[in-house]
Amino acid sequence: MKIEVVVLPVSDVERAKRFYADLGWRLDIDYQGPSNYRVIQFTPPGSGCSVIFGSNLTIAAPGSVKGLHLIVSDIEAACDDLRRRGITVGEPFHDPGGIFHHASVQDLAAGPNPQRKSYASYASFSDPDGNGWVFQEITARLTGHIEDGEESFTPELTDVVRRAEAAARASAGAGDRAAA
């Protein structure tokens with residue numbers, strides 16, 4: 001399974017179209033049909049997933065989509081790129097606990113992860129309606145297994161992944177024993 005499309009609720013279709021074009025995203029579709037039906041699709045550079053918005057497309061409230069993650073290899077460069085395009089982007093932040101960012105800003109620390117560990121640095125921005133986006137810096141991809149000596153991830157994330165892997169092995173072993 002793959003996520004192909006995310007529907008964004010917007011109040012002003014033309015304003016949203018300008019915003020996503022200003023991000024440098026590829027315009028794939030701008031379709032107008034009968035009864036004020038319109039679909040606009042944009043795809044971020046390098047992404048296999050697109051966003052669509054338009055008229056008579058969703059009943060969700062404009063600006064109600066939050067926490068959409070865009071993966072970048074350099075959080076500071078990504079923020080600088082959007083700022084050059086005139087987009088307001090928050091300053092980078094990280095979770096001192098090393099697993100994932102929290103909804104509450106009081107549980108976050110300013111600046112990217114001090115060791116620039118993969119999956120550990122974030123920055124956020126919103127479209128004109130308030131649909132919320134988060135940049136997440138990923139420089140090494142998790143695969144469900146982390147080799148001994150691998151230092152790309154925070155110690156906390158490494159521990160969580162290793163515990164999940166061990167639980168999956170134990171569960172698979174129990175299933176093998178039950179089948180026998």
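1. Leaving aside neighbours within four places in sequence, L8 is in contact (heavy atoms within 4.5 Å) with Y20, V51, I52, F53, V65, L68, D127, N131 and W133. This is a predicted model, in which local features need pLDDT of at least 70 and side-chain atom pairs count only at pLDDT 80 or more, while totals for chains, interfaces and linings use all residues. Residues are numbered from 1 along each chain as its sequence is written, and side-chain values use heavy atoms, with hydrogens and water left out.

2. Along the sequence they follow the pattern β-α-β-β-β-β-α-β-β-β-β-α.

3. L8 belongs to the largest nonpolar core, which has 28 residues. Such a core is a set of buried Ala, Val, Leu, Ile, Met, Phe, Trp, Tyr and Cys residues joined through side-chain atoms within 4.5 Å; buried means under 20% relative accessible area (1.4 Å probe, protein chains only). L8, Y20, F53, F125, W133 and F135 touch the most other members. Elements that each supply at least two residues of this core include α1 (13-22), β4 (50-55) and β9 (132-137). A second, separate core of seven residues includes I138, I146, L157 and V161. In soluble globular proteins, nonpolar side chains tend to be buried together.

4. Of the 180 residues of the chain, 40% count as buried.

5. The largest pocket has a volume of about 490 Å³. A pocket is an open set of points on a 1 Å grid over the protein atoms alone, with protein on both sides within 12 Å along at least five of seven lines; lining residues have an atom within 4 Å of a point. A volume is the space filled by probe spheres set on the points, which are joined across faces, edges and corners. Of the 23 lining residues, W25, P44, S47, L70 and I71 lie nearest the centre of this pocket. The largest share of the lining, five residues, comes from β5.

6. About 190 Å³ of space lies in the second largest pocket. Among its 14 lining residues, F93, H101, H102, S124 and V134 lie nearest its centre. Both β8 and β9 give two or more residues to this lining.

Conventions:
Buried < 20%, exposed > 50% of the residue type's maximum accessible area, 1.4 Å probe, protein only. Helix = DSSP H or I, 4+ residues; strand = E, 2+ residues; numbered from the N terminus. 1 Å grid on protein atoms, 1.4 Å probe; cavity = no way out; pocket = protein on both sides within 12 Å on 5 of 7 lines; lining within 4 Å.
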